[in-house]
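Hello,

Here is the structure for you to look over. My notes follow below it.

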Amino acid sequence: MSGYLARQRNAISAGYSYLASSLSGKPVANGMPVAISAELTNNCNLKCPECSTGSGVMTRPKGFMNFSLFDKLISELEPYLYNINLYFQGEPMLHPGLFQFLARCTGLNTVISTNGHFISEENAEKLAVSGLREIIISLDGMDQQTYSAYRVNGDFEKVIGGIRNVSEAVKKRSSPMKIAIQFLVNRNNEHQAREAHKFAHEVNATLKLKSMQIINKDDFSKWLPSDKRFRRYKDKCNVYTLKNSYPDRCARLWFSPVLTWDGKVLPCCFDKNADHVMGDLNEDSFREIWTGPKYRIFRKSVLSGRRMNDICLNCTSGLRGVIY
């Protein structure tokens, strides 16, 4: 069976499993995931205050993924995957073996998300010919003061230069790689969204305006934008909660798990601190973990009462009326 047909068949199986589970309330997982996020590292050069890594609230160990672990993941899941994201927490371009990982993803739709501080002319050239489908670059302001209000320790001019580097490399190499500029809308920078859009057009990039996740309960008034389209939280008597009805289902548990740098399989990208480890890829195959008892129990807990799971309380899955 060709790779395309195998992936298509698996996607149908995964979709049917999700639908059947959602309707019956009984977890079934016949297919394998169609996408996965692999955390190359949870180290970062910035100190973003509402990020688990940057704020220092993350308690799990920091490190860099071993290539042999990644190779094991790809060897098992390559027949099923459509997409792979080489990021979770941390800055993936800090990994000294980044381009070895990218080479292993040949044939897959691969995406990285970076804060843009390491896109030298040389790295931009390498990225343009690496086979990456998309690079997402965070730019949360259009001057140093506004940008560094959130991207603490960040260098605005270096990021702008990095974006220009990769834009030129894509043009020079006639690369199909897409460039996306991610603008995390908050109270400090919302007035610069139009300027960011103009810059994105200038460098042949798309602009992704994203609502902001807030993890520190005392900081809502500091960060929430005045434009309510970009607020994922509602205020009731100074208590902020997500604008979500929390339906008792979540496609992430059937389609897109996360692998941490040290091999822990997590149910989704909202488990920042790896509090819900489904298994360890160093010890078991991915299939054993994916169909194992821990995953089955967790899926059941979401189907029977999603709002009772702590990592679901900041989740945007099922959220409506918010640009994110």
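Which residues in α1 are buried? They are R7, N10, A14, S17, Y18 and S21. Buried means under 20% relative accessible area, exposed over 50%, partly exposed in between (1.4 Å probe, protein chains only). Seen down the axis of α1, these buried residues fall within an arc of 95°, so they line one face of the helix. The arc is taken from the directions from the helix axis to the C-beta atoms.

This is a predicted model: local features need pLDDT of at least 70, side-chain atom pairs count only at pLDDT 80 or more, and totals for chains, interfaces and linings use all residues. Residues are numbered from 1 along each chain as its sequence is written, and side-chain values use heavy atoms, with hydrogens and water left out. Helices (H or I, at least four residues) and strands (E, at least two) are DSSP runs, numbered from the N terminus.

On the other side of α1, Y4, R9, I12, Y16 and L23 are exposed. Just after α1, G25 has a positive phi of about 80°.

Now the salt bridges. The whole structure has 12. Each is a side-chain nitrogen of Lys or Arg within 4 Å of a carboxyl oxygen of Asp or Glu.

- E134 pairs with K208 at 3.2 Å. The pair links strand β4 (residues 134-138) to strand β6 (residues 206-210), 74 residues apart. E134 is buried at 10%; K208 is partly exposed at 34%.
- R151 pairs with D140 at 2.6 Å. R151 is buried at 11%, and D140 at 0%.
- D71, E78 and R104 form a network of salt bridges.

Best wishes
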